[in-house]
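Keep the 3D view open as you read.

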There are 4 protein chains.
Amino acid sequence: MGTIKVGIIGAGRIGKIHIENLQRQGNAEVVAVSDPFADEALRQWAAERGIRTVTKDAAEWMDDPAIQAVFICSPTDTHVPFIKLAAAAGKHIFCEKPISMEVSQTAEALEAVKAAGVQLQVGFNRRFDHNFKRIKEIVSSGEIGQPHIVKITSRDPSPPGESYIRSSGGIFMDMMIHDFDMARYVSGEEAVTISAVGSVLVDPVFEQCGDVDTAVVTIQFASGAIGIIDNSRKAVYGYDQRVEVFGSGGAVGVNNDYPNTAEIHTEDGVRRDNPLHFFLERYNEAYADEARQFIACLAEGRQVPVNGEDGMQAELMACAAAESLRLGRPVPVKLSIAAE
Amino acid sequence: MGTIKVGIIGAGRIGKIHIENLQRQGNAEVVAVSDPFADEALRQWAAERGIRTVTKDAAEWMDDPAIQAVFICSPTDTHVPFIKLAAAAGKHIFCEKPISMEVSQTAEALEAVKAAGVQLQVGFNRRFDHNFKRIKEIVSSGEIGQPHIVKITSRDPSPPGESYIRSSGGIFMDMMIHDFDMARYVSGEEAVTISAVGSVLVDPVFEQCGDVDTAVVTIQFASGAIGIIDNSRKAVYGYDQRVEVFGSGGAVGVNNDYPNTAEIHTEDGVRRDNPLHFFLERYNEAYADEARQFIACLAEGRQVPVNGEDGMQAELMACAAAESLRLGRPVPVKLSIAAE
Amino acid sequence: MGTIKVGIIGAGRIGKIHIENLQRQGNAEVVAVSDPFADEALRQWAAERGIRTVTKDAAEWMDDPAIQAVFICSPTDTHVPFIKLAAAAGKHIFCEKPISMEVSQTAEALEAVKAAGVQLQVGFNRRFDHNFKRIKEIVSSGEIGQPHIVKITSRDPSPPGESYIRSSGGIFMDMMIHDFDMARYVSGEEAVTISAVGSVLVDPVFEQCGDVDTAVVTIQFASGAIGIIDNSRKAVYGYDQRVEVFGSGGAVGVNNDYPNTAEIHTEDGVRRDNPLHFFLERYNEAYADEARQFIACLAEGRQVPVNGEDGMQAELMACAAAESLRLGRPVPVKLSIAAE
Amino acid sequence: MGTIKVGIIGAGRIGKIHIENLQRQGNAEVVAVSDPFADEALRQWAAERGIRTVTKDAAEWMDDPAIQAVFICSPTDTHVPFIKLAAAAGKHIFCEKPISMEVSQTAEALEAVKAAGVQLQVGFNRRFDHNFKRIKEIVSSGEIGQPHIVKITSRDPSPPGESYIRSSGGIFMDMMIHDFDMARYVSGEEAVTISAVGSVLVDPVFEQCGDVDTAVVTIQFASGAIGIIDNSRKAVYGYDQRVEVFGSGGAVGVNNDYPNTAEIHTEDGVRRDNPLHFFLERYNEAYADEARQFIACLAEGRQVPVNGEDGMQAELMACAAAESLRLGRPVPVKLSIAAE
């Protein structure tokens with residue numbers, strides 16, 4: 001296939017990250033960008049990067065036969081319409097997570113993808129993090145045996161603003177969805193039952209939005225293995241992203257990434273700098289790698305590494321967690337969209 | 001008070017540890033030991049340590065007015081009778097955990113202690129571990145703010161034998177009871193609701209005994225803080241005892257203790273030795289310290305650091321966890337024996 | 001000044017790294033490349049990157065007034081002639097380390113730079129490493145007081161080939177020169193006396209080349225502070241690059257960088273992967289940063305961060321070390337070229 | 001041999017430590033103590049521990065045939081006379097380091113020991129530290145190949161008082177002598193040449209006493225391996241005791257010991273407590289172990305683990321270092337007392 005020509009839908013922060021990452025690869029060319037707020041500044045930004053087509057509506061360039069793939073980086077509520085549009089146009093699709101906040105809509109999107117015979121990769125960027133990849137490798141190698149307990153800590157350095165919270169879909173769909181995917185990724189297993197507890201301890205605005213800011217979820221996997229995820233919207237010391245898998249033959253765990261390895265010894269104790277502050281710093285390389293893998297898979301005709309079913313399963317887990325929190329009891333995870 | 005004269009009930013492994021620790025302190029003197037299996041070997045062992053009274057029945061020396069305190073190190077099902085006996089004799093009591101496996105019996109024991117006006121310390125030795133004490137200090141200092149999430153990992157290097165399992169009271173009463181106490185200790189909070197999941201992944205013998213070998217419990221505290229405990233009966237790399245408290249102002253976590261700090265670098269990677277193997281190695285100093293504190297409190301007329309109510313609360317949490325596992329749903333923790 | 005137009009002399013591995021790093025910055029443009037072995041492959045490689053001028057001889061484009069700066073990435077014995085050529089043409093210069101292996105020639109080069117009024121930055125890339133920068137910051141902040149002891153470990157994963165060794169100038173000029181610069185950088189002090197010991201322990205080829213493969217140098221600084229550098233040509237576990245500064249108010253040390261933070265626990269111990277393998281992995285970001293700083297300083301009319309005097313001092317230290325090893329006694333470091 | 005009866009010469013801090021450690025072992029009995037400042041307080045302290053013979057002069061009990069071994073814990077300048085006295089009486093001897101500050105006197109002492117056919121163990125307690133023992137084991141196992149570089153850091157938390165400094169024999173004989181022994185112990189090699197540099201950076205009192213407070217020594221071993229030792233009299237963050245051996249097949253290094261493993265994360269960074277403060281905390285177990293090994297070797301008729309020749313070699317290294325510092329050049333280490 002040689003170079004893959006790509007169109008980008010949504011030129012916000014994450015859209016621009018993908019553009020810059022794609023331009024650093026040898027085998028991708030960004031040829032078009034759309035954004036409803038496209039203005040002269042965006043046009044100039046794009047021109048400096050050799051991108052000539054900048055539109056408000058992706059439909060204007062979607063039928064360009066030179067374009068083989070699109071990146072959907074627009075707000076979540078537009079993902080499904082854009083997936084249908086791109087699939088109908090025969091484009092391969094990279095879509096940010098979650099596909100949608102309604103599994104029925106996600107199912108429709110996956111149906112469209114399947115019918116069109118195109119590939120869909122979901123933006124679970126953490127699978128491409130150097131630390132979590134190493135966990136996956138170790139678990140897959142069998143060195144630590146059968147997974148028994150999977151522990152995931154995921155805490156943000158500071159909460160988002162109220163408007164973001166209101167439209168976020170809640171902590172499980174917005175934040176913990178990454179961890180649901182991680183739990184599946186590192187364990188290689190599917191969730192059967194999910195039990196959630198949650199509290200508002202960081203900021204009362206979460207309660208006003210019908211959300212929680214602190215949440216713990218327990219997952220029972222088919223094998224009997226148990227998963228634990230803890231989320232907080234505010235860790236004052238910075239982004240806390242750790243995973244541990246304990247198995248019959250041992251355990252593997254990863255610590256956070258730090259900006260340097262310096263240890264400072266004074267009369268007051270031994271000190272090091274805080275972890276990398278947030279996702280842009282921590283997952284910088286992971287964003288580049290997920291785009292690289294997507295393009296490489298298309299170029300070589302291979303299956304993309306995180307597909308629509310992966311997106312669906314994480315959403316089903318998020319829905320179960322939300323329901324468990326509401327009902328105050330464990331809730332079964334629907335095993336597939338067919339069960340919908 | 002000067003030197004405290006002590007009698008020891010039960011001269012098994014833990015009884016002997018307490019005797020040797022007490023003899024290293026300046027202000028305690030072990031004057032009597034009882035054990036239903038007392039034999040010549042025990043008599044000799046005691047004689048070498050200057051202990052002249054060795055009996056099969058503690059009742060033989062319980063009324064000796066010189067004895068001010070007793071250590072109850074006998075099997076769990078004998079704790080309550082011995083507490084009643086010692087309380088009636090006006091002795092202060094150090095009792096191994098749990099007080100009993102029936103909260104109603106524990107309540108009776110506490111009643112007897114209260115009526116006699118003696119002190120009762122329960123053997124939650126981990127509160128005296130250097131690492132966990134440091135967590136408690138940091139939390140108490142307010143440096144990390146209000147606790148939001150408490151995470152406790154507690155895994156044994158290898159499972160006990162079948163006969164032990166059968167009479168153990170189950171994983172929550174036998175093993176996780178330490179962690180229930182730890183959760184209360186480091187958070188300074190009381191549990192409201194407990195939710196347990198468990199599996200048999202290590203050895204089918206646990207299933208045959210009506211028990212599980214892998215368990216995860218979620219605790220909702222009164223403040224909204226959330227606790228997570230994970231237990232496994234078999235961590236092949238050794239005793240895994242870690243605690244982490246995450247709060248509004250930061251976090252504090254402790255790693256395991258290791259036999260040395262050597263890092264060995266070869267072509268195959270960087271390696272260190274496994275953690276201290278089991279509780280006798282890891283909590284060696286903690287056992288000495290709990291005895292030292294008990295004696296010091298008696299000598300100085302202060303309240304002992306882990307009392308009967310602490311013992312009761314941990315048992316109530318263990319009962320709630322067992323019930324939650326049985327019912328498959330969260331269960332409220334009875335707030336006190338009054339609710340029994 | 002806006003965008004700085006740059007010519008590159010020498011298109012080997014390090015030349016290409018600089019080209020790619022410069023192209024990632026917004027304010028630099030590589031417009032010409034020269035290499036005596038320039039061929040069609042290089043021409044094509046350059047063309048793909050928008051570089052139109054590719055010559056065998058830098059003189060062909062050196063007088064292009066559009067070019068403001070050159071990067072000298074050719075073999076060490078060509079550095080001085082190219083510096084003179086570039087200085088005469090009024091270009092600012094980035095030159096790889098060492099400037100030359102003869103301090104008298106280095107002095108001539110610095111003279112030419114001074115006469116031309118251009119800037120010269122020497123490629124001591126390690127000053128731009130995130131870890132060593134943090135050490136420098138901590139020392140400069142005064143937090144650890146006056147430096148007393150500076151310890152630098154620098155070990156390569158495997159020795160170079162015989163032809164490289166023969167023309168390398170020896171371990172002090174080729175390898176330890178980085179550490180001499182580091183010692184000055186982190187301590188902020190000048191060396192007064194140097195004492196070297198060395199052995200051939202890795203490969204007898206070093207002896208055949210009149211060199212050593214294992215060397216330790218002690219540096220006495222003007223303040224009385226003492227520096228220690230240890231070098232080995234072969235650390236089987238990978239690139240070992242650590243620095244520690246001990247001072248009157250504390251200490252700061254950095255560990256190596258690792259590819260991930262995973263710790264793998266099995267019956268055999270706790271293991272992690274080896275450090276990043278060699279300089280391309282470890283100093284990847286440092287190379288980018290030194291080029292970024294060079295361009296930024298030119299664009300903003302500031303002094304470049306590592307100048308010719310820095311290059312000279314490190315060479316004087318390397319010469320003193322070589323002489324010390326030969327004589328078997330401490331040797332004073334000539335304080336400046338004026339002393340030559 | 002059964003229980004070894006022991007007399008103690010010198011009841012200062014270290015003498016009392018040995019007494020208490022010996023009393024915790026099953027196979028040693030302390031029967032006599034001498035100290036020129038023996039008073040009622042010491043008599044009482046001894047009586048509480050069952051020691052009936054307390055004299056001002058060791059000669060009073062030295063001929064007691066029941067006593068098989070003596071511990072010499074008196075000031076250094078009395079070591080040789082007491083060794084001669086004890087040897088003449090046929091007692092095995094444990095002597096604190098250094099044997100003396102004059103190698104000729106040390107030689108006389110060793111001669112007396114040899115003539116009497118008794119055993120002499122020198123108090124290089126650090127050989128019994130859990131960390132350094134692990135280094136020795138790894139090196140001896142061959143896992144890291146032939147040693148190439150040995151690095152020893154040894155820094156005290158605060159300098160001694162002036163009177164101590166004046167009679168200490170200087171930093172090499174008083175402080176670095178432990179590290180000279182450590183270099184021999186972990187490498188298994190003998191020093192050929194020693195080169196020392198030193199400064200007064202901590203306190204001018206050292207200069208007034210003809211001493212330095214900061215010193216770095218380079219050791220050339222017979223195999224070509226190189227040793228580096230750095231000493232400081234004042235590390236504000238506490239006792240800094242680290243050793244690293246780098247070899248043809250890898251490396252092994254140990255970090256300090258810490259009072260706990262707690263990591264505290266706040267907005268200001270990640271912090272842990274300082275290392276164990278000084279030798280009593282750090283080498284608590286090592287002191288016990290060296291006494292245990294001494295007694296066990298006597299009881300079982302084995303060679304003691306650190307003998308007179310070990311004491312001599314470390315003194316010869318200290319003398320060479322002092323001479324190197326004085327002369328400003330490397331100095332050969334006399335290979336044995338025969339060379340005296």
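The side chain of D:His18 makes a polar contact with the side chain of D:Glu96, at 2.7 Å. A polar contact is a pair of N or O atoms within 3.5 Å; within protein, one must be able to donate a hydrogen and the other to accept it, and residues adjacent in sequence count only if both atoms are side-chain atoms. This is a predicted model, in which local features need pLDDT of at least 70 and side-chain atom pairs count only at pLDDT 80 or more, while totals for chains, interfaces and linings use all residues. Residues are numbered from 1 along each chain as its sequence is written, chains are lettered from A and ligands numbered from 1 in the order in which they are written, and side-chain values use heavy atoms, with hydrogens and water left out.

Where does D:His18 lie? You will find D:His18 in helix H1 of chain D, residues 13–24. Helices (H or I, at least four residues) and strands (E, at least two) are DSSP runs, numbered from the N terminus. Is D:His18 buried or exposed? D:His18 counts as buried because its relative accessibility is 0%. Here buried means under 20% relative accessible area, exposed over 50%, and partly exposed in between (1.4 Å probe, protein chains only). Leaving aside neighbours within four places in sequence, D:His18 is in contact with several residues, including D:Phe71, D:Cys73, D:Tyr287 and D:Glu290. Contact means heavy atoms within 4.5 Å.

Now step back to a whole chain. Chain A has 13 helices and 15 strands. Its radius of gyration is 20 Å, close to the 20 Å that the globule rule gives for 340 residues, so chain A is as compact as a globular protein of that length. The radius is taken over C-alpha atoms, and the rule is 2.2 Å times the number of residues to the power 0.38. Of the 340 residues of chain A, 61% count as buried. Among contacts in chain A between residues at least 6 apart in sequence, 70% join residues at least 24 apart.

Next come the places where chains meet. The size of an interface is often given as the accessible area lost when the parts come together. Buried area is that loss for two parts (1.4 Å probe), summed over both. A salt bridge is a side-chain nitrogen of Lys or Arg within 4 Å of a carboxyl oxygen of Asp or Glu.

| Chains | Buried area | Salt bridges |
|---|---|---|
| chain C and chain D | about 2800 Å² | six salt bridges |
| chain B and chain A | about 2800 Å² | six salt bridges |

Between chain C and chain D, 39 residues of chain C are in contact with 39 residues of chain D. One salt bridge joins the side chains of D:Arg155 and C:Glu244 (3.0 Å, N to O).

For chain B and chain A, the contact takes 39 residues from each of the two chains. In chain B, B:Lys151, B:Leu201 and B:Phe246 lose the most area to chain A, together 18% of what that side buries. A salt bridge joins the side chains of A:Arg155 and B:Glu244 (3.0 Å, N to O). Among the elements that give two or more residues to the side of chain B that touches chain A are strand S7 (147–155) and strand S11 (240–247) of chain B. The largest share of that side, six residues, comes from S7(B).
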